[in-house]
Amino acid sequence: MAPYHLHAPARRDTCCVFASPHSARDYPAWFLNASDLDALTLRSSEDAFVDQLFSAAPSFGAPLLLAGAPRAFVDLNRNADELDPALIHDVRHSGHNPRVSAGLGVIPRVVAGGRAIYKGKMSRAEALQRIQTIWRPYHAALARQMDGAQAMFGRAILIDCHSMPHEAMDGSLRPGARRPDVVLGDRFGASAAADITERIEEAFTDAGLVVARNTPFAGAYVTQTYGRPAQGRHAIQIEIDRSLYMDERSVRPAPGFTEFQMLLEGVIDRIAGIGRADPGAAGTLPLAAE
């Protein structure tokens with residue numbers, strides 16, 4: 001199992017970096033055998049087909065970094081120290097972490113709906129091996145892409161690509177509000193300059209999509225770690241409603257998948273264009289406290 005797959009542009013001409021940490025679907029037979037769940041159920045936490053939705057990024061001058069291991073195996077949007085004592089032997093409780101308590105640590109205990117992945121607990125050595133062989137190489141590769149963008153263009157913009165279940169918005173909608181197709185997470189301004197987030201939002205809205213910000217997804221480990229606007233490093237999480245392009249029950253592309261993919265190509269082009277603009281345009285704006 002490869003830790004990641006990097007698709008580089010023929011010519012890099014934007015400071016944007018696109019990444020999909022949850023779309024991998026390589027489930028080894030031994031992992032499936034160790035689980036109480038079937039392959040389809042394991043995929044319920046996967047950002048299925050997000051890698052395909054954003055596959056055009058290199059054609060617009062931006063690198064695309066894809067996870068090699070599925071989210072149910074190791075979650076690349078968690079800190080490496082978010083170990084779950086309910087799943088991993090010889091791990092002590094270290095304060096309250098709601099993600100870990102819910103079974104959604106760096107080695108997830110459950111998939112969507114709280115369904116347990118494993119028949120029992122795993123050794124600490126096995127958990128640490130997954131972190132060493134998958135988590136660390138992926139984040140080293142992501143850091144290199146961000147460093148390279150900043151060295152070439154004076155700043156770096158990470159587009160962290162995800163998908164959300166259609167029902168994820170059910171508890172967040174105000175009466176009369178339109179259901180968002182896309183949720184942008186910039187940690188309420190802490191992980192990206194306001195101008196950048198606004199222009200990304202415009203790229204989606206001009207494509208006819210309804211956009212919300214930070215509710216219910218403000219960004220997790222990736223945006224928190226790589227978003228440092230005061231240092232010229234910006235990170236925005238994108239969550240796309242899965243019902244727009246796939247059948248969530250069967251985890252298959254919907255009939256309109258290709259059309260939606262083409263719609264997103266225009267959005268990706270617009271976002272990549274933000275990274276070709278004068279760095280001073282966004283860098284001189286007042287920034288929220290990190």
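Helices α6 and α8 are roughly antiparallel to each other in this predicted model, a label that applies to angles over 145 degrees, whereas angles under 35 degrees count as roughly parallel, 65 to 115 as roughly perpendicular and the rest as oblique. Helix α6 (residues 194-205) packs against helix α8 (residues 257-274) at an angle of about 160°, and their axes are 9 Å apart; axes are lines fitted to C-alpha atoms, for helices over the stretch in contact, and angles run from 0 to 180 degrees between N-to-C directions. Helices (H or I, at least four residues) and strands (E, at least two) are taken as DSSP runs, numbered from the N terminus. The contact, meaning heavy atoms within 4.5 Å, involves I196, R199, I200, E202, A203 and F204 on the α6 side and L264, V267, R270, I271 and I274 on the α8 side. By class, this contact has 8 nonpolar, no polar and 3 charged residues, where Ala, Val, Leu, Ile, Met, Phe, Trp, Tyr, Cys and Pro count as nonpolar, Asp, Glu, Lys and Arg as charged, and the others, Gly among them, as polar.

Residues are numbered from 1 along each chain as its sequence is written. Because the model is predicted, local features need pLDDT of at least 70 and side-chain atom pairs count only at pLDDT 80 or more, while totals for chains, interfaces and linings use all residues, and side-chain values use heavy atoms, with hydrogens and water left out.

Residue A19 has L65 as its bridge partner in β3 and stands opposite D160 in β6, while F18 has L64 as its bridge partner in β3. Of the 5 residues of β2, 5 are buried, that is, under 20% relative accessible area, with exposed meaning over 50% and partly exposed in between (1.4 Å probe, protein chains only). C16, F18 and S20 point one way from β2, and V17 and A19 the other way.

Strands β7 and β8 pair in the parallel sense over 3 bridges, and V183 stands opposite A212 in β8.

Two loop residues are also buried. Y245, in the loop between β9 and β10 (246-247), has a relative accessible area of 0% and is therefore buried. Leaving aside neighbours within four places in sequence, Y245 is in contact with residues including A48, F49, V50, L53 and S163. R71, in the loop between β3 (64-67) and α4 (98-101), counts as buried at 19% relative accessibility. With neighbours within four places in sequence again left aside, R71 is in contact with H22, S45, R78 and P108.

Terms used
Two strands pair if DSSP finds at least two bridges between them.
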